[in-house]
Amino acid sequence: MTHGDGGANPDATPPAAGSADTDPDAATGDAADGADGPATDDAAELTPGELADLAADDWRAALAAAGELRPPVVAEIITVHGDRGSRAIEAVAEGRVKRYRDFTVVVGYREEHIVEDGGCDCRDATYNLDTSDPSERCWHALAVDIAERVDRVDHHDMWYSEVTEFL
Ligand SMILES: [Zn+2]
């Protein structure tokens, strides 16, 4: 008698109440991250195709026009500069281009390098660059070029000569 018909299988308990509390919908909050650029309206004027065309012609101009690192421009930078380009982009993304009152510095893996007018004091710039090709730059100089155009330079209101003992 006590087991009745057994029709009320506990497994059939509606899971709705319990699982609703774990609200998988919370994940939808991340969708807002996709629109993190309220100030990028200007860039929307260029379609990815137009941006790619511009980048192929002059990635610095395309970058300045976009105001941020867009895929077509990133692709062009890496096409033109290879590993130096990807290192530069990585440094910009990580905020490793720093401007002090006296110098612009790029923080590398082991040391920091001062970049002035596209020139750099690193070994790559000193020994590897083709001096007959002014468009060749080490990744530190490229990082500065990129950071300036996408407003990702990390400004420090102090003298670099005072925060380091490089002299
Ligand atoms: Zn360098």
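Predicted model: local features only at pLDDT ≥ 70, side-chain atom pairs only at ≥ 80, totals over all residues.

**Helix burial and packing**

I began with helix H6 (residues 139-149): nine of its eleven residues are buried, so the rest of the structure largely encloses this helix. The buried set in H6 runs Trp-139, His-140, Ala-141, Leu-142, Ala-143, Val-144, Ile-146, Ala-147 and Arg-149. After H6 comes Asp-151, and I noted its positive phi, near 55°.

Next I checked a helix pair. H2 (residues 48-57) packs against H4 (residues 71-93) at an angle of about 25°, and their axes are 8 Å apart. Since angles under 35 degrees count as roughly parallel, I logged H2 as roughly parallel to H4. The crossing of H2 past H4 is right-handed.

Which residues in H2 and H4 meet? From H2 I listed Pro-48, Leu-51, Ala-52, Ala-55 and Ala-56; from H4, Pro-71, Pro-72, Val-73 and Glu-76. Sorted by class, this H2 contact with H4 has eight nonpolar residues, one charged and no polar ones.

**Strand residue**

Then I moved to Ile-114, which sits in strand S3 (residues 112-116).

Skipping its neighbours within four places in sequence, I found Ile-114 in contact with Phe-103, Val-105 and Asp-121. I also looked up the C-alpha separation of Ile-114 and His-140: 8.3 Å, with the two 26 residues apart along the chain. His-140 is one of the buried residues of H6.

Note on methods. Residues numbered from 1 in each chain as written. Axes fitted to C-alpha atoms, helices over the stretch in contact; angles between N-to-C directions. Helix = DSSP H or I, 4+ residues; strand = E, 2+ residues; numbered from the N terminus. Parallel < 35°, antiparallel > 145°, perpendicular 65-115°, else oblique. Left-handed = near helix turned anticlockwise from the far one by under 90°. Contact = placed C-beta atoms within 7 Å. Nonpolar A, V, L, I, M, F, W, Y, C, P; charged D, E, K, R; others polar. Buried ≥ 20, exposed ≤ 12 C-beta atoms within 10 Å, placed from the backbone.
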